[in-house]
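Dear colleague,

Please find below the structure that I am handing over to you. My findings follow directly after it.

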Amino acid sequence: MSEKIKSDTQLVGAAGEHLVLSRLLARGILAAQAPRGTRKADILVNHLDGKAPCLIQVKTRSSKGADGGWHMKAKHEDIKDKDMFYCFVDLDYKDSNVFVIPAKKVAKVIKASYKAWLSTPGKKGQAHNETVMRWMTAEYPWKLPGVEPGWMDEYLEKWELL
């Protein structure tokens, strides 16, 4: 079994960004880290073949944790730019995976999952309270139309979407 990286969240985030940069550069795609504090993007991509530039936000986890997903916020429901992508990194010492997903798809999924979560009773039957937190995962515990278990697999290492 491969060992998961356990470290402080800033190091995990930086490792995910560098992994994505490495994968892009190895494919001949010109990419650079966005300046720290840039609002929407972690990585800027400028294709050498004339394709339109795009932005990437990297979300990294070093272990699946209790909820098995990546944490996001309500603001991500509104990011639907056609030149914006997310790279969801599952960081591992040996076999790290990157899921490359258009922002429009991410917005749709997290909005639908949040709505489903709100309408689902909590562990003790109580109603869930509104929150800014959102959750992205390959397998939700509730039914979401068009989001079947394992739905993220089609985006595994899907760099051609950029």
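K80 is located in the loop that runs between strand β4 (70–73) and strand β5 (84–90). Please bear in mind that the model is a predicted one. The relative accessibility of K80 is 45%, so this residue counts as partly exposed, since that class lies between the limits of 20% for buried and 50% for exposed. K80 also belongs to a positive surface patch, which it forms together with K104, K108, K111 and K115.

The aromatic residues are the second topic. A pair of aromatic rings is described by two values, namely the distance of the centres and the angle of the planes. How many aromatic pairs does the count come to? The count comes to 8 aromatic pairs. One of them joins W70 and F99, whose rings lie 6.1 Å apart, centre to centre, with 70 degrees between the planes. This arrangement is edge-to-face, because the angle is over 60 degrees. The pair links distant parts of the chain: W70 belongs to strand β4 and F99 to strand β6 (residues 97–102), and the two are 29 residues apart. Are W70 and F99 buried or exposed? Both W70 and F99 are buried.

A further edge-to-face pair is formed by W135 and Y140, with 5.2 Å from centre to centre and 85 degrees between the planes. W135 and Y140 are likewise buried.

Yours sincerely,
A colleague

Technical notes:
Residues numbered from 1 in each chain as written. Predicted model: local features only at pLDDT ≥ 70, side-chain atom pairs only at ≥ 80, totals over all residues. Heavy atoms only, no water. Patch = residues over 30% accessible without salt bridge, like charges linked within 9 Å, V, L, I, M, F, W, Y side chains within 5 Å. Areas by Shrake-Rupley, 256 points an atom, 1.4 Å probe, with all protein chains shown as cover. Salt bridge = Lys/Arg side-chain N within 4 Å of Asp/Glu carboxyl O. Lys, Arg positive; Asp, Glu negative; His and termini not counted. Charge placed at Lys NZ, Arg CZ, Asp CG, Glu CD. Helix = DSSP H or I, 4+ residues; strand = E, 2+ residues; numbered from the N terminus. Buried < 20%, exposed > 50% of the residue type's maximum accessible area, 1.4 Å probe, protein only. Phe/Tyr/Trp six-rings, centres within 6.5 Å; stacked < 30°, edge-to-face > 60°.
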